[in-house]
Amino acid sequence: MELYWIIAAPLLAAPLSPWLVRAVGSKAAGALLSLVPFALVGWLLAQAAGAGPALEWSRSWMPAMGLEMALRVGGFERLFLCLVAFIGGLVLIYGGAYLDGDSKVPRFFVVVQIFMAAMLGVIAADDMIFTFVFWELTSLTSFLLVGYKFYDPVARKAALQALLVTGAGGLALLGGFILLAQITGETRISALAAHSGTLAESPLFVPALLLVLAGVFTKSAQVPFHFWLPGAMAAPTPVSAYLHSATMVKAGVILLAKLSPAMSHTELWGWIVAPVGALTMLTGAVMAVLQTDLKRLLAYSTVSVLGTLVMLLGFGDAFSFKTAMFLALVHGFYKGTLFMVAGTVDHATGTRDIHSLSGLRQSMPWLAFAAAAAALSMSGVPPTLGFISKELLYEAKLSIPFARHAVTALGVLANSLAVAIALIVGVRPFLGSPGKAVVRHAPGWGLVLPPVLLAALGLLLGLMPWLLDKHLISPAASSLGYDPALAKLTLWHGFTPVLALSVATLVAGFLWFKMRAKFSGAARGIEKIHCLTPTALYFSGLEGILKLAAFLTGWIQQGQLRIYVRVTLIAASGLILYATAKVYEEFTMLSKVPLGVFETMIVVVMTMSSLAAVRSKSRLAAILSLGGVGYSVAFIFAAYGAPDLAITQLLVETLTVVLFSFVILKLPQIREISRSRTRRWDALVATIAGLAMTLVVWKAMHVQLHAPISPGLVERSATEAYGRNVVNVILVDFRALDTLGEILVLSLACLGVTALLFRKRKFRNTDDDQSERAKAREGLPLI
Amino acid sequence: MENLLPIAIGILFACGCYLCMRRNIVRVLLGIMLFSQAANLLIFAGAGLSTGAPPIIAGDSTTLTGAYADPLPQALVLTAIVIGFAVLAFAIALVLRSWHKTGSDDLDTFHKSDS
């Protein structure tokens with residue numbers, strides 16, 4: 001199988017989905033469509049067993065710029081491709097059941113599958129610009145999915161916010177990519193690592209790194225760009241489970257990991273990436289405990305985990321890297337489960353408020369099992385995957401070269417809050433006696449099977465972590481050059497300080513859970529201060545941009561022709577005067593053509609006539625002066641070797657004067673409306689424009705930048721085109737297309753004139769309509 | 001003549017520009033006409049004036065001999081003259097129509113009568 005099928009398969013399945021939904025209903029359609037990603041996972045795992053070198057595929061895209069459509073699947077890519085495709089398959093099943101009966105289901109399927117293709121593309125693409133294309137596609141599809149309920153203004157606002165934040169980051173990322181390509185001369189991400197020395201020394205490295213990080217941090221919801229993620233919870237839950245916990249938000253982490261071999265050895269990397277990650281980890285955890293809505297709670301806890309991942313990558317050592325890979329996988333498992341559980345609870349009871357949910361264990365036992373398994377994994381209770389990842393996490397934090405105690409303490413705090421969150425989301429709604437919220441309708445298999453499957457698989461793998469280690473995690477680390485042997489994925493690490501930390505975390509988490517009611521008042525205060533700053537900045541910024549745009553539009557687009565003319569003339573003359581002033585010394589007085597008496601008189605007549613046209617207050621005088629100008633121009637043409645032009649000009653001028661004489665009496669009187677001050681300003685602008693025009697003509701007469709092409713035309717005129725009048729030959733033969741265009745313009749003008757004067761307004765029958773048509777007809781014979 | 005003609009074209013252009021900035025709709029129409037004459041002359045004169053013969057090949061020869069006027073700008077200007085006429089005819093029809101419709105010759109009042 002060629003590698004491009006990874007992306008092509010979901011893309012091809014997407015347009016089939018509306019038809020499938022119509023044919024077999026949305027539940028069955030979801031199940032059928034999920035076969036595509038599941039088959040992908042199977043293929044990828046079969047490849048993993050072979051454990052050969054990285055697979056590659058590429059096609060030339062823009063050879064002139066060295067761009068390729070390059071895909072590369074090594075151990076690292078395989079891990080994330082499996083994760084994205086597997087959870088994607090489950091989400092298709094789940095979404096089909098969750099949105100059953102909604103008229104927009106086909107749209108959901110189409111967009112989710114396009115998103116899946118884009119996400120797989122972000123992971124597998126090796127060319128930087130190719131990666132960027134997929135990156136932006138995930139932002140766009142996320143926009144469509146968050147705004148799925150387009151009739152809801154809250155959803156629209158959240159969708160726009162997510163798009164603007166990640167879109168702005170995407171632009172920064174593009175800039176960073178271009179800088180990286182310029183520094184190294186490579187467009188392949190996998191080739192950057194070989195240039196890590198050149199990169200670090202380049203003066204462009206700092207801006208490149210900052211731009212790339214801006215893209216990564218916005219996508220992966222790092223502080224201070226994290227605020228869009230909780231807002232994105234306006235999306236339907238299957239979308240939140242997929243995009244905003246397991247996959248899209250990890251795109252930033254994935255890119256960061258891919259770039260880490262090339263950049264993580266620099267000091268700047270450690271100083272920016274790790275602290276931002278740590279801050280995000282803590283902020284997310286604290287904010288999560290304060291929420292009462294299940295989905296927002298999960299969203300903030302996702303922010304926390306994303307922060308942890310970024311922090312681990314910021315450390316830049318092999319141990320932390322492998323831990324990050326493992327944590328990303330584990331998080332996908334338990335967070336995907338918990339989101340789906342929250343969605344099923346919402347679907348069945350109609351609420352996501354944690355205060356009104358309890359005792360659901362009796363009505364939904366299977367769901368309770370899934371929730372409990374995921375919660376155990378999230379809190380890091382043995383023998384789950386979460387336990388192993390937390391042990392590794394603590395070990396990684398304890399082994400960093402500086403501030404290890406502070407960082408570890410932060411980690412314990414964040415993880416104990418995660419335990420509390422797990423208890424709130426995964427355990428609390430299911431224990432106790434049934435609360436206010438009652439199950440209105442039991443969830444179908446499509447709403448229960450995916451979370452149960454995901455949770456069970458998580459549990460199973462927790463018992464056999466070496467399987468994951470050997471086939472997915474270790475190849476992922478080693479494919480990017482990190483030694484995988486340092487970190488061992490085992491359930492039992494012995495009685496170490498790390499174990500003590502794990503126990504302390506669980507105890508502290510349980511205490512947070514018990515005490516959470518006590519600090520809910522203070523919590524609200526924190527939330528206000530915290531939530532306001534970045535969000536308020538975003539909204540005031542957005543408003544400011546809109547106001548500025550409205551002001552500029554109102555200022556430039558005043559809707560008056562003379563202002564447009566004035567602005568255009570001033571700008572154009574300014575540019576021309578500037579350009580000609582720079583080459584002034586090249587001017588010499590030419591006088592090849594003598595100043596003949598006849599010619600001079602013609603030019604003087606033309607000038608006088610044009611001045612008369614400006615001064616004239618009578619319509620008749622205006623026509624006469626225009627005719628004077630036109631005929632003078634014809635004589636100038638005739639005097640300087642252009643009889644064809646002179647003839648045409650005479651004919652057109654005569655026609656114009658005749659036309660004008662007929663129409664002019666139906667036109668309004670000429671009168672001066674502007675104030676004299678305006679007139680003086682206009683005269684000044686016009687004089688400057690005339691001066692610029694004079695300089696241009698003068699300059700054009702003097703310079704010959706390129707060899708003229710006319711001799712060639714003259715030579716071929718009689719021999720090839722069989723015409724003796726070269727001007728005519730150019731018009732009808734050499735540049736016949738121009739003439740065709742000219743004929744088109746004439747026909748269009750003719751149509752326009754006809755439409756304007758013969759227009760019949762059938763849709764409105766006013767009294768003056770009749771007289772108006774009569775008036776128009778009076779003018780008709782003229783044209 | 002190379003020094004006189006540019007000045008004349010400049011004056012012609014300035015007159016056209018001045019008229020285009022007027023509020024009276026007929027004067028704008030006059031301005032457009034002067035404007036296009038100036039543009040045609042710019043192309044014609046910008047290519048260099050020639051005292052040579054018109055670019056017409058004599059019957060007994062296959063190419064031009066001696067000094068001749070450059071045929072290419074002439075072809076361009078010829079196209080421009082015709083298109084200028086088409087635009088003018090359309091503009092006249094438009095002015096006529098708007099005068100009948102709105103009864104106003106003041107361009108500043110036009111943005112209020114959009115309908």
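**Figure 1. Pro224(A) lies in the loop that runs between α11 and α12 of chain A.** This is a predicted model, in which local features need pLDDT of at least 70, side-chain atom pairs count only at pLDDT 80 or more, and totals for chains, interfaces and linings use all residues. Residues are numbered from 1 along each chain as its sequence is written, chains are lettered from A and ligands numbered from 1 in the order written, and side-chain values use heavy atoms, without hydrogens and water. Helices are DSSP runs (H or I, at least four residues), as are strands (E, at least two), numbered from the N terminus. The peptide bond leading from Val223(A) into Pro224(A) is cis, with omega near 5 degrees. Ala221(A) belongs to the loop between α11 and α12 as well. Ala221(A) is not a glycine, yet its phi is positive, about 55 degrees. With a relative accessible area of 0%, Ala221(A) is buried. Buried means under 20% relative accessible area, exposed means over 50%, and partly exposed falls in between (1.4 Å probe, protein chains only).

Figure 2. Pro383(A) sits in the loop between α18 and α19 of chain A.

**Figure 3. Tyr722(A) has a positive phi, near 55 degrees, in a residue other than glycine.** The loop between α30 (710-719) and α31 (726-734) of chain A holds Tyr722(A). At 69% relative accessibility, Tyr722(A) counts as exposed.

**Figure 4. Phe38(A) and Phe86(A) make a tilted aromatic pair.** Rings of Phe, Tyr and Trp (its six-membered ring) pair if their centres lie within 6.5 Å; planes under 30 degrees apart are stacked, over 60 edge-to-face, and the rest tilted. The count under this rule is 20 aromatic pairs over all chains. For Phe38(A) and Phe86(A), the centres are 5.8 Å apart, with 50 degrees between the planes. Phe38(A) lies in helix α4 (residues 35-50) of chain A and Phe86(A) in helix α5 (residues 75-98) of chain A, so the pair ties together parts 48 residues apart in sequence. Phe38(A) is partly exposed, at 25% relative accessibility. Phe86(A) counts as buried, at 18%.

**Figure 5. The rings of Phe227(A) and Tyr538(A) form a tilted pair, with centres 5.6 Å apart and planes at 50 degrees.** Phe227(A) is in the loop between α11 (205-219) and α12 (228-231) of chain A and Tyr538(A) in helix α24 (residues 520-556) of chain A, so this contact ties together parts 311 residues apart in sequence. Phe227(A) and Tyr538(A) are both buried.

**Figure 6. Ring pairs link Phe76(A), Phe80(A), Phe321(A) and Tyr482(A) into a cluster.**

**Figure 7. The charged end of Lys219(A) sits over the ring of Trp135(A).** The test needs NZ of Lys or CZ of Arg within 6 Å of the ring centre and within 35 degrees of the ring normal. Lys219(A) places its charged end 5.1 Å from the centre of the Trp135(A) ring. In chain B, the charged end of Arg22(B) sits over the ring of Tyr18(B), 4.3 Å from its centre.

**Figure 8. The largest cavity has a volume of about 200 Å³.** Val305(A), Tyr334(A), Met378(A), Asn415(A) and Ala418(A) are the closest to its centre among the 18 lining residues. A cavity is a set of points on a 1 Å grid over the protein atoms alone where a 1.4 Å probe fits but cannot get out; lining residues have an atom within 4 Å of a point. Points are joined across faces, edges and corners, and a volume is the space filled by probe spheres set on them. Four cavities reach 30 Å³ or more. α15 (267-289), α16 (294-315), α17 (318-349), α18 (365-379), α19 (385-398) and α20 (404-427) of chain A each give the largest cavity at least two lining residues. That lining divides into 10 nonpolar, seven polar and one charged. Ala, Val, Leu, Ile, Met, Phe, Trp, Tyr, Cys and Pro count as nonpolar, Asp, Glu, Lys and Arg as charged, and the others, Gly among them, as polar.

**Figure 9. The second largest cavity holds about 90 Å³ of space.** Its lining includes Phe333(A), Tyr334(A), Ala373(A), Ser377(A), Leu454(A) and Gly458(A). Two or more lining residues come from each of α17, α18 and α21 (445-463) of chain A. α21(A) gives the largest share, four residues. The lining has eight nonpolar, three polar and no charged residues.

Note on methods: On a 1 Å grid over the protein atoms alone, a cavity is a set of points where a 1.4 Å probe fits but cannot get out, and a pocket is an open set with protein on both sides within 12 Å along at least five of seven lines; lining residues have an atom within 4 Å of a point.
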